[in-house]
Amino acid sequence: MLFLKITLKKEKLMEKVLQRLANDFREHEGNVISLLQETQEALGYIPEEAVYYFSRELDIPASRFFGVATFYAQFYLKPRGKNIITACCGTACHVKGSDRIISSLKRELKLTVENNTTEDKQFTLEQVACVGACSIAPVVIVNKKVYGKMTSDKTMKEIKALGFNKAESE
Amino acid sequence: MDENMNDKITINVCMGTGGMAAGGTEVLDSFEAALKAQNITAELHKGCTAHKVGCRGLCAKDVLVDVVVNGNKTTYQYIKPEMVQKIVDEHIVGGNPVADFLVGEDYHNFHKKQVKVVLSDCGNIDPEDIDSYISAGGYKALEKVFTSMSADDVISEIKKSGLRGRGGAGFPTGVKWEACKKTSADQKYIICNADEGDPGAFMDRSVIEGNPHAVIEGMVIGAYSFGASKGYVYIRAEYPLAVERLRKALIDAKTRGFLGENIFNKGFKFDIKVKLGAGAFVCGEETALIASIEGQRGMPRAKPPFPVFQGLWGKPTVINNVETLANITFIINKGADWFSSYGTEKSKGTKVFALTGKVKNTGLIEVPMGITLREIIYDIGGGIENDMAFKAVQTGGPSGGCLTEDMLDLHVDYESLAKAGSIVGSGGMIVLDENDCMVNVAKYFLNFTQSESCGKCVPCRIGTKRLLEILTRITEGKGKEGDIELLEKLSVDIKSASLCGLGQTAPNPVLSTIKHFRHEYEAHIKEKRCPAKVCSSLLTYSILEDACKGCGACMRACPAGAITGEKKKPHSINADVCIRCGACFDVCKFKSVKKE
């Protein structure tokens, strides 16, 4: 019962957010990208239901939303972990060994190509083309804080400080 | 108090993305706390303030701190919060700079051959304080334009200066503005392209983080000259600090009347909006960028019609790069002749480069056009890191190419780099040493362009995929006889048949690495060997028994359990189990792991 109540409450909250965003869209110039950016800002990702809701409310085919959402790297159609680790794969980071950091993180966090979030939804590993901090390559961003001249060890230390426990995850 | 104002101590803490990553915020806080604790202002009867400034280039030595006493600047490097008290005690109170913390000769060499125009205020002014910009002469150019210049005067001055677009293509800015002015329409737009997507480039980020008002001022001047009333800054969402500072600067500029309904009471109306890019490299292409601002998938369309005739919402639109716009105020203030006194015959002024990779002094540099690559890499960059041998310098990112040792005396400008098979591009300059595999570098760029290809036209969408597949098989030791020729043929076809700049230039890294490093490709294909020891499928790891102390570090680091051995006795690697990740090589302190 309690679970059902919580789900219902969550759904109401989401609908409220979506309603507000749809109204904004009608009132202002109406830009699909901005709408999706705001949805993601509010909900952390873009749930499928949100797209169908907007499609109905605004009379825009759902394919246009999915088209835009899958085109740009910024959008997520799946929920992300609580902590976001972003490894930079820019050229400078690449020649300074970002590949090795990424593969060791994948190993330690038990991530695969299809699944970049840990099972307990605590950590998500993402890659970015370049964060423009090439002079301190290789760069890793942990929850929006930029760390320069990183190694696999140093990155794991930060991840462990956020509560990652290898034994537990095994 | 007035006499004390001349006797002022200012502390500048570098707080670009690099400075903040190295702990700039903590250093600034420590200074503020230390100054407050001792009530320095009262003690010395001097105004004493600490504030943040943008990037001054040499990010490798962050956190950089300037202490300016009566106009004399002393610069410290690698400053950590715990070092602050000593600087306050000995230098600010005692009057003697702390010798141990001072920047070394390479800091001065780094700056010696540079000519700072666009970056002249970055690192000196507080980017979040409009008064700091104004007191450094900011918005003077705008005032001059509005009080004493006609729209045509502005355009002819920019044309005369010879300024060319700094985004990569190098189209003359004045000509673009003039074309837009001559097109009549009820609405025109100016867009600042800050979608700096090239991996390995961060000029635009640093300019906006260090001096956002210069870009805004340049945009207003442009808008005035060709009659645009709306402007957009299309900026990457991956640059949160730049976005934040830009937004603050826009609000401040509007409050002071540099933007808005009636600028300088001349009845000119202009406003700027920020549009966040959603993470697509192709949106750096003009027509794709326009589609993105309109809320669509960022796919390019065929040109003509060019955006100056038919751009955003079908209206005439000028798109200029950040660095281009940041040059405008200097040209207006100091004149076209001053600007064109720098540079070569066809490339005028200075250019900002992001110098990174295997050089000692990595960072942001601004040099006059026409400087040689050798001067950039050896004098400014301080030579190759760890005294390795120079192999190549990659310019222009995924659209560019490699330049080799025999081209080091080449004068850097649009024409000569193009002739040598590369481009100036937006200004990324990545130095590679003997430990870099050129096939791997080509594969890296193709991996990037392939995943960023928008998919609209077939040559780019499928062509880059096939190029990447061939390169991947070569680096995995499965390359076939004839692969090099196939790469070359495919590259030429993709270049000539693709719709936009992304596809037309995507094969450049392949073509230029084949041209200069064909032997490396051949070693991979024929001998199944990676000369630079990078491509992991072609490597084997073993332990040198004589050097191994049996510490067990490699055994603990090995994720595959391939290493065995007793304590204090030489260990060994089981090649069948080894996944060639290189973890043992990285952790061994005795250099006893051999890679071949």
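Is the crossing of helix 21 of chain B and helix 23 of chain B left-handed or right-handed? The crossing of these two helices is right-handed. A crossing is left-handed if the near helix is turned anticlockwise from the far one by less than a right angle, and right-handed if clockwise.

Some ground rules. This is a predicted model: local features need pLDDT of at least 70, side-chain atom pairs count only at pLDDT 80 or more, and totals for chains, interfaces and linings use all residues. Residues are numbered from 1 along each chain as its sequence is written, while chains are lettered from A and ligands numbered from 1 in the order in which they are written. Helices (H or I, at least four residues) and strands (E, at least two) are DSSP runs, numbered from the N terminus.

Back to our pair. Helix 21 of chain B covers residues 483-497, and helix 23 of chain B covers residues 508-526. Their axes come within 10 Å and cross at roughly 160°. Axes here are lines fitted to C-alpha atoms, for helices over the stretch in contact, and angles run from 0 to 180 degrees between N-to-C directions. Helix 21 and helix 23 of chain B are therefore roughly antiparallel. The cut-offs: under 35 degrees is roughly parallel, over 145 roughly antiparallel, 65 to 115 roughly perpendicular, and the rest oblique.

Who touches whom? From helix 21 of chain B, the contact residues include B:Ile484 and B:Leu487; from helix 23 of chain B, they include B:Ile514 and B:Tyr521. Contact means that the C-beta atoms, placed from the backbone, lie within 7 Å. The residues of this contact divide into seven nonpolar, one polar and three charged. Nonpolar means Ala, Val, Leu, Ile, Met, Phe, Trp, Tyr, Cys and Pro; charged means Asp, Glu, Lys and Arg; the others, Gly among them, are polar.

Now chain A, for another helix pair. Helix 2 and helix 4 of chain A have axes that come within 10 Å and cross at roughly 70°. That makes helix 2 of chain A roughly perpendicular to helix 4 of chain A. Helix 2 of chain A brings A:Val32, A:Ile33 and A:Leu36, and helix 4 of chain A brings A:Arg64, A:Phe65, A:Val68 and A:Ala69. The residues of this contact split into six nonpolar, no polar and one charged.

On to the sheets in chain B. Which order do the strands of the five-stranded sheet take? The order is 7-8-6-5-9, in an open sheet with mixed pairing. Two strands pair if DSSP finds at least two bridges between them. Strand 7 (260-263) and strand 9 (317-321) of chain B stand at the edges with a single partner strand each, so one side of each has no neighbour in the sheet. The twist averages 25° from one strand to the next. Strand 6 and strand 8 of chain B pair in the parallel sense, over seven bridges. There, B:Lys230 stands opposite B:Asp271 in strand 8 of chain B. Helix 13 (residues 240-255) of chain B packs on this sheet, touching strand 6, strand 7 and strand 8 of chain B.

The other sheet has four strands in the order 2-1-3-4 of chain B, open again and with mixed pairing. Strand 2 and strand 4 (72-76) of chain B are at the edges, each with a single partner strand, so one side of each is left without a neighbour in the sheet. Strand 1 and strand 3 of chain B pair in the antiparallel sense over five bridges. B:Ile11 stands opposite B:Val67 in strand 3 of chain B.

Most residues other than glycine have a negative phi, and most peptide bonds are trans. A cis peptide bond joins B:Asp62 and B:Val63, with omega about 5°. B:Val63 is in the loop between strand 2 (48-53) and strand 3 (65-69) of chain B. Another cis bond joins B:Lys303 and B:Pro304, with omega about -5°. In chain A, look at A:Asp59: its phi is near 60°, a positive value. A:Asp59 is in the loop between helix 3 (48-58) and helix 4 of chain A.

Last stop: how the two chains meet. How many residues does the contact take from chain A and from chain B? The contact takes 35 residues from chain A and 43 residues from chain B. Among the elements of chain A that each supply at least two residues are helix 2 (32-43) and helix 4 (62-71). The side of chain A that touches chain B divides into 19 nonpolar, 13 polar and three charged residues.

Key: Two residues are in contact if their C-beta atoms, placed from the backbone, lie within 7 Å.
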